[in-house]
Amino acid sequence: MSQIIRRLGASPRDRGSTNGGTCPDIFELADGSFAIIGTDVTDSLDSRLPADAARADYERIVVITRETLIRAKADIPEA
């Protein structure tokens, strides 16, 4: 598995999570991929995916907060 290079956006603590109860996060990996910590909502959203979307058995659908993604936007590379 690839190594974590950096966090994108503000840390959970910087976004107000002081108890560790809600800690969505985005990380860039050494191979150029991204790792997401979010709430697993696969069971509730899998059947609602658009017809042209699919997920492999080893993939999960996760949700992160809007704030997490917006605060990461400046750190997401253009290419």
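Two strands count as paired here if DSSP finds at least two bridges between them. Strands themselves are DSSP runs of E with at least two residues, helices are runs of H or I with at least four residues, and both are numbered from the N terminus.

## What you're looking at

This is a predicted model, so to speak of a local feature needs pLDDT of at least 70, side-chain atom pairs count only at pLDDT 80 or more, and totals for chains, interfaces and linings use all residues. Residues are numbered from 1 along each chain as its sequence is written, and side-chain values use heavy atoms, with hydrogens and water left out.

The protein chain carries two helices and five strands. Reading from the N terminus, the order is β-β-β-β-α-β-α. The C-alpha trace of the protein chain spans about 35 × 30 × 25 Å along its principal axes.

## Surface, burial and charge

Of the 79 residues in the protein chain, 23% are buried. Buried means under 20% relative accessible area, exposed means over 50%, and partly exposed is in between, using a 1.4 Å probe and protein chains only. The protein chain exposes about 6000 Å², and carbon and sulfur atoms supply 51% of that. These areas come from the Shrake-Rupley method with a 1.4 Å probe; for residues, only the protein chains shown count as cover.

On the charge side, the protein chain has 10 positive and 13 negative side chains, with the centres of the two sets 7 Å apart. Lys and Arg are the positives, Asp and Glu the negatives, while His and the chain ends are not counted. Each charge is placed at NZ of Lys, CZ of Arg, CG of Asp or CD of Glu.

Three strands make an open sheet in the order 1-2-3, with antiparallel pairing. Strand 1 (4-7) and strand 3 (34-37) sit at the edges with a single partner strand each, so one side of each has no neighbour in the sheet. Neighbouring strands of this sheet are turned by 30 degrees against each other on average, direction ignored. The axes behind that angle are lines fitted to C-alpha atoms, for helices over the stretch in contact, and angles run from 0 to 180 degrees between N-to-C directions.

Strand 2 (residues 25-29) pairs with strand 3 in the antiparallel sense over four bridges. Bridge partners across that pair include Glu 28 with Phe 34 and Phe 27 with Ala 35, and Ile 26 stands opposite Ile 36. The two strands form a hairpin with four residues between them, and Gly 32 in the turn has a positive phi of about 95 degrees. Strand 1 is joined to strand 2 by three bridges, again antiparallel.

## Strand 2 and Leu 29

How many residues of strand 2 are buried? Five of the five, so strand 2 is largely enclosed by the rest of the structure. In a regular strand the side chains alternate between the two faces of the sheet. Here both faces are covered: Asp 25, Phe 27 and Leu 29 are buried on one side, Ile 26 and Glu 28 on the other.

Leu 29 belongs to strand 2 and is buried at 10% relative accessibility. Setting aside neighbours within four places in sequence, Leu 29 is in contact (heavy atoms within 4.5 Å) with Ser 2, Gln 3, Ile 4, Ile 5, Phe 34 and Ala 35.
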